[in-house]
Amino acid sequence: MPLMILQIDFVDQRPWEGDRVEKLSGLAHIIAEAPGLIGKIWTENPDTKEAGGVYLFKDEASMNAYLDVHTARLKGFGIEQINVKTFQVNEPLTQITFPSLQLS
């Protein structure tokens with residue numbers, strides 16, 4: 001099974017003031033425990049109030065299970081417009097351009 005990429009972004013109207021690391025570190029620890037998750041890169045653009053992430057999963061089933069849970073979580077935060085894309089990882093080419101990433 002190929003590794004999978006999940007890309008999520010959304011407009012976050014909640015206050016951007018203060019320390020976002022402190023505010024979101026609890027959520028980061030919860031996300032880190034998601035079954036099948038290899039890692040997440042957190043993305044944000046304060047100018048446009050967009051946030052999200054790029055996730056690497058071991059398989060499609062884990063990615064889909066996480067997507068269901070995280071979409072419900074975001075909607076619980078009052079975020080309605082959630083943009084999602086999924087991709088398979090081309091592991092041979094990725095290993096060339098990202099040799100420090102342990103894919104197998």
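Which residues does F10 touch, not counting residues up to four places away in sequence? The list is K49, E50, A51, G52, L74, I79, Q81 and I82, where a contact means heavy atoms within 4.5 Å. This is a predicted model, where local features need pLDDT of at least 70, side-chain atom pairs count only at pLDDT 80 or more, and totals for chains, interfaces and linings use all residues. Residues are numbered from 1 along each chain as its sequence is written, and side-chain values use heavy atoms, with hydrogens and water left out.

**The chain at a glance**

- The protein chain has three helices and four strands; helices (H or I, at least four residues) and strands (E, at least two) are DSSP runs, numbered from the N terminus.
- Start at the N terminus and the elements run β-α-β-β-α-β-α.
- Along the principal axes, the C-alpha atoms fill a box of roughly 40 × 25 × 20 Å.
- Of the 104 residues in the protein chain, 33% are buried; that word stands for under 20% relative accessible area, with exposed over 50% and partly exposed in between (1.4 Å probe, protein chains only).
- Take the contacts with a separation of 6 or more: 67% of them in the protein chain link residues 24 or more positions apart.
- The protein chain's accessible surface comes to about 6,800 Å², and 57% of that belongs to carbon and sulfur atoms. Accessible areas come from the Shrake-Rupley method with a 1.4 Å probe, and for residues only the protein chains shown count as cover.

**How confident is the prediction?**

- pLDDT is the predictor's confidence in each residue, from 0 to 100. The protein chain averages 92, and 98% of the residues score at least 70.
- Confidence is highest in strand β4 (residues 82-88), at 98, and lowest in helix α1 (residues 20-32), at a mean of 90.
- As a rule, where pLDDT is low, the predicted coordinates should not be read in detail.

**Strands side by side**

- Strands β1 and β3 pair in the antiparallel sense over eight bridges; two strands count as paired if DSSP finds at least two bridges between them. Here I8 has G53 in β3 as its bridge partner.
- Strand β2 (residues 37-45) also runs antiparallel to β3, and eight bridges join them. One of the residues to look for is K40, whose bridge partner in β3 is Y55.
- Strand β3 (residues 50-57) is mostly covered, with six of its eight residues buried.

**The turn at K49**

- β2 and β3 form a hairpin with four residues between them, and K49 is found in that loop.
- K49 has a positive phi of about 60° although it is not a glycine.
- K49 has a relative accessible area of 30%, so it counts as partly exposed.

- F10 lies in strand β1 (residues 4-11). Its relative accessible area is 7%, so F10 is buried.
- F10 and S62 are 52 residues apart in sequence, and their C-alpha atoms are 21 Å apart in space.
- D12 is found in the loop between β1 and α1. D12 is buried because its relative accessible area is 2%.
- D12 touches R20, K49, A51 and I79, not counting residues up to four places away in sequence. K49, A51 and I79 are also among the residues that F10 touches.
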